[in-house]
Amino acid sequence: LGPNGSGKTTTLSCALGLLHPTSGTTRVLGQPARRLHRTRGRVGCVFDVPALLRGHTVAQNLRYQGRLRGHGGGRTLHEALERVGLGGFQKRRAGGLSLGQEKRLAIAGAIMGEPELVVLDEPLSGLDPMGVRGMLDMLTELVSDGQTLVISSHRLHEMQEILTHAAVILDGEVVREAPLESYLGRPG
């Protein structure tokens, strides 16, 4: 958690081996960021702006993401779409989806194959109130099903439904990490 510009996306990018940190180390599922290829198929991620092939169908996008991420077994394409509320969208072009549907499609790609960990960068950004409610409900269901999520957000009031632990980042530094209940109802 942290305000815009605090370093949340940069931290996730370093943890996922997409950027090199200027200091410190990160490990994901026991692997250092520079060896993250060893976690292929075990980690799914979605950044703030979903990377989709807009001219391709929803099903084509998921098949492509599955191959890139090494998803074998686990949730099928159909099951992943059902899980995120896009059942019946397989033949629609990704370019014709709303922002909320694009985010759901990206999340379907991240959860296909049932990875151990799913990293979501600002999954609520740009969504209207109904879209936020739908996304929170979907994420809550994923957590209830046992999926481990790492989520970056600046919206504690909405994320508190999902989170069990939170780290607060300010100016690129983790200033506090604790169970969620220690943040709630305390001034400051």
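Select Gln-147 to begin: this residue is buried, because its relative accessible area is 10%, and the cut-off for buried is under 20%. You are looking at a predicted model.

**Stop 1: Gln-147 and its surroundings**

Gln-147 sits in the loop between α5 (129-144) and β5. Show its side chain. A polar atom there lies 2.9 Å from the backbone oxygen of Pro-115. Now display the residues it touches, leaving out those up to four places away in sequence. They are Arg-75, Pro-115, Glu-116, Leu-117, Val-118 and Leu-142. Keep Glu-116 and Arg-75 on screen. Both return below.

**Stop 2: Glu-116**

Move to Glu-116, in the loop between α4 and β4 (117-121). Is Glu-116 buried, partly exposed or exposed? Its relative accessibility is 42%, so it counts as partly exposed. Which residues does Glu-116 touch, beyond those up to four places away in sequence? Leu-29, Arg-42, Gln-147 and Thr-148.

Select Arg-42 next. The side chains of Glu-116 and Arg-42 are joined by a polar contact of 2.5 Å. Along the chain, these two residues are 74 residues apart. Their C-alpha atoms are separated by 5.2 Å.

**Stop 3: Arg-83**

Go to helix α3 (residues 77-83) and pick Arg-83. What joins its side chain to that of Asp-145? A polar contact of 2.4 Å. Sequence neighbours up to four places away aside, Arg-83 touches Arg-75, Ile-111, Met-138, Glu-141, Leu-142 and Asp-145. Arg-75 and Leu-142 are on this list, and Gln-147 touches them too.

**Stop 4: Gly-100**

Select helix α4 (residues 99-111) and find Gly-100. Beyond its neighbours within four places in sequence, Gly-100 is in contact with Leu-127 and Met-135.

**Stop 5: helix α1**

Colour helix α1 (residues 8-15) by burial. Which of its residues are buried? Lys-8, Leu-12, Ser-13, Cys-14 and Ala-15. An α-helix has 3.6 residues a turn, so residues three or four places apart point the same way. Look at what covers the buried residues of α1. The cover includes β1 (27-28), β4, β5 (148-152) and β6 (165-170). Step past the helix to Gly-17, which follows α1 and has a positive phi, near 75 degrees.

**Stop 6: Arg-27**

Arg-27 is exposed, because its relative accessible area is 58%. Show its side chain and the backbone of Gly-30. A polar atom of the Arg-27 side chain lies 2.6 Å from the backbone oxygen of Gly-30.

**Stop 7: two residues with positive phi**

Most residues other than glycine have a negative phi. Glu-122 is not a glycine, yet its phi is positive, about 50 degrees. Asp-171 is not a glycine either, and its phi is also positive, about 50 degrees.

Where do they lie? Glu-122 is in the loop between β4 and α5. Asp-171 is in the loop between β6 and β7 (173-179). Glu-122 is buried, because its relative accessible area is 9%. Asp-171 is exposed, because its relative accessible area is 73%.

**Stop 8: the whole chain**

Zoom out and show the cartoon. How many helices and strands are there? The chain has 6 helices and 7 strands. Trace them along the sequence: the pattern is α-β-β-β-α-α-α-β-α-β-α-β-β.

Along its principal axes it spans about 50 × 40 × 30 Å. The radius of gyration is 16 Å, which agrees with the value near 16 Å for a compact globule of 188 residues. Buried residues make up 47% of the 188.

Next, draw the contacts between residues at least 6 apart in sequence. Of these, 65% join residues at least 24 apart. Finish with the surface. The chain exposes about 10,000 Å², and carbon and sulfur atoms supply 52% of it. Colour by charge to pick out 22 positive and 18 negative side chains. The centres of the two sets lie 9 Å apart.

Key: Residues are numbered from 1 along each chain as its sequence is written. This is a predicted model: local features need pLDDT of at least 70, side-chain atom pairs count only at pLDDT 80 or more; totals for chains, interfaces and linings use all residues. Side-chain values use heavy atoms; hydrogens and water are left out. Helices (H or I, at least four residues) and strands (E, at least two) are DSSP runs, numbered from the N terminus. The radius of gyration is taken over C-alpha atoms; the globule rule is 2.2 Å times the number of residues to the power 0.38. Buried means under 20% relative accessible area, exposed over 50%, partly exposed in between (1.4 Å probe, protein chains only). Contact means heavy atoms within 4.5 Å. Accessible areas come from the Shrake-Rupley method with a 1.4 Å probe; for residues, only the protein chains shown count as cover. Lys and Arg count as positive and Asp and Glu as negative; His and the chain ends are not counted. The place of a charge is taken as NZ of Lys, CZ of Arg, CG of Asp or CD of Glu. A polar contact is a pair of N or O atoms within 3.5 Å; within protein, one must be able to donate a hydrogen and the other to accept it, and residues adjacent in sequence count only if both atoms are side-chain atoms.
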